[in-house]
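Have the view open as you read.

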Amino acid sequence: MTKTTDAADILIGRGHKSPQRLLLASANRHGLIAGATGTGKTVTLQILAEGFSRAGVPVFMADVKGDLAGLAMPGSPTFKNHEKLLQRASEVGFSDYTYAPSPVRFWDVFGEKGHPVRATISEMGPLLLSRLMGLNDTQEGVLIIAFRIADEKTMLLLDLKDLRAMLTWLGDNAAEVRTTYGNVSAASIGAIQRRLLQIEDQGGANFFGEPAFEIADFLSVANDGRGIINILAADRLMMSPRLYATFLLWLLSELFETLPEIGDPDKPKLVFFFDEAHLLFDEAPPALLEKIEQVVRLIRSKGVGVFFVTQNPSDVPDSISAQLGTRIQHALRAFTPKEQKAIKSVAETFRPNPGLDVLAAVTELKTGEALTSSLDRDGAPTPVERTLVRPPESRLGPLTDAERTAVVAASPFGSKYRDSIDRQSAYEMLAARAVDAADADAQDAAEAKANASGADRGSRIGGIFGKIAASVIGAVAAKKARDFGERLAGKRPSRRGSSAARTAVSTGSSQLGYEIGKAVAGPMGGRIGRGVLGSFSRTLAKNLDL
């Protein structure tokens, strides 16, 4: 009898002479699952997820069609293909094949089919946002300036309104920032603002905000020791391909920036399946491809295995394909010269097997068959084998709405991510500054009094408190005048405006931290750290209590 998973490996299926297995110790050397539509890639994803989970390894995967949700439920004897699954199990070598569910947690950027997944604008960073919006070099430069100024002034960009407010401020103050940061044109500002509207129309407003997703929540293990399979509902998200690809790339960068170095563990800390991988690389500029290659190369030592899933293996750039230790190739079709060239390329990537004509086999494979090769215990690729993929133990097909709702309700993260938070950030800080400007006389008087006390560092800090006091005074005065005018017009005073004084105090406190940071540590005291893909360094943010 053949086991699906033992202490050291995962069964893929039955080869010509022996079982084909994926060693857990080599799973962080990444992999590729490729094949034409309808050749069995989804089932391969399913059985690998089951195997990793059983070995205690958490998994992340995007469910593009809805079929992978079936992992949460056991298969059924009433399933129309039940007899075929039993026959396949017998051919592969399972005499006691049974149905069983896996521990699953559902996520959804839109919060409809799983727990909401959110990221802040600051965390995503200018490089990934530029990719998301399709900005040219000039527009990307302007976006970088906006982030740079926000970082230096410790103004967190949490959601889309924060970024729009920052861009508006940048446009209004373009002349002042030109000598320090370079030219900022109104045309570039306008182009970025229009792209932000497009992102908002595509549902981006649901994604950007707080509470921001914590990557550690992907690393959970069930009470019985099995790894949690985190499934992202991506059927709607796939309608915005750039948002989908950028979101998954952001998750990878978060893993890279957050997890510690652990070398080569006995099994991965997490396995990340990147479905529709071609979307990650399509139209990506060389600079971004270089960063992606760097992340894929280095994330291995943090215990993360990345498996790219796509129809054509040529969708993955050579520089990244060369780093993939496991290859599972389902059938390809060869109707065009380009497809025929791709088939020849596939044959050349495998370690030859004298008993197998790869060039012929790759077009003859049946549904549920694949050419497989992985790394052996010495780290060398095994000879390619024609493999009959084992059947899954979980359901083949989607869940009902009631079943999905029950799984989501049983998760411990319901209350953590359900409700969005709109705390004080760049929008409120810039609004408070605008209120300050409306009461310039009070501001000037407070600054003059504070600055007169001395020119040393202590006097500068005293001047800071003067600024804060002026902000509060100006905000309260402006609020009273605004409420009075709205009452005259027969309107109810704005709820947002009712917190003007509190906003000014909060803004002043943030500004105090920044100014003291500058006074003590110089101009870099207020900077926010960013990672290899320009994403926000959450570790540094926690240290700064941002």
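**The pocket and helix H1**

Helix H1 (41-54), helix H2 (82-92) and strand S9 (304-310) each give two or more residues to the lining of the largest pocket. Keep in mind that this is a predicted model.

Q: What makes a residue part of the lining of the largest pocket, and which lie closest to its centre?
A: A lining residue has an atom within 4 Å of a point of the pocket. The largest pocket holds about 750 Å³ of space. There are 31 lining residues, and Gly40, Lys41, Thr42, Val43 and Thr367 are the closest to the centre.

Q: Which element supplies the largest share of this lining?
A: That is H1, with four residues.

Q: What classes of residue make up the lining of the largest pocket?
A: There are 11 nonpolar, 10 polar and 10 charged residues. Gly counts as polar in this scheme, so Gly40, one of the residues closest to the centre, belongs with the polar class.

Q: How do you know that the span of H1 agrees with its number of residues?
A: The expected span is 1.5 Å times one less than the number of residues. For the 14 residues of H1 that gives 20 Å, and the end C-alpha atoms are 20 Å apart, so the two agree.

Q: Why is H1 called mostly covered?
A: Buried means under 20% relative accessible area, and 12 of the 14 residues of H1 are buried. Among them are Lys41, Thr42, Leu45, Glu50 and Phe52.

Q: What follows H1?
A: Glycine 56 does, and its phi is positive, near 85°.

**A loop residue and the whole chain**

Q: Why is phenylalanine 213 called buried?
A: The cut-off is under 20% relative accessible area. Phenylalanine 213 has 1%, so it counts as buried. This residue sits in the loop between helix H8 (204-207) and strand S7 (229-233).

Q: How far apart are the C-alpha atoms of phenylalanine 213 and arginine 118?
A: They are separated by 5.5 Å, although the two residues are 95 apart along the chain.

Q: How many of the contacts in the protein chain join residues at least 24 apart?
A: Counting contacts between residues at least 6 apart in sequence, 77% do.

Q: What is the overall picture of the protein chain?
A: The protein chain has 21 helices and 12 strands, and 54% of its 546 residues count as buried.

Note on methods:
Residues are numbered from 1 along each chain as its sequence is written. This is a predicted model: local features need pLDDT of at least 70, side-chain atom pairs count only at pLDDT 80 or more; totals for chains, interfaces and linings use all residues. Side-chain values use heavy atoms; hydrogens and water are left out. Buried means under 20% relative accessible area, exposed over 50%, partly exposed in between (1.4 Å probe, protein chains only). Contact means heavy atoms within 4.5 Å. On a 1 Å grid over the protein atoms alone, a cavity is a set of points where a 1.4 Å probe fits but cannot get out, and a pocket is an open set with protein on both sides within 12 Å along at least five of seven lines; lining residues have an atom within 4 Å of a point. Grid points are joined across faces, edges and corners, and a volume is the space filled by probe spheres set on the points.
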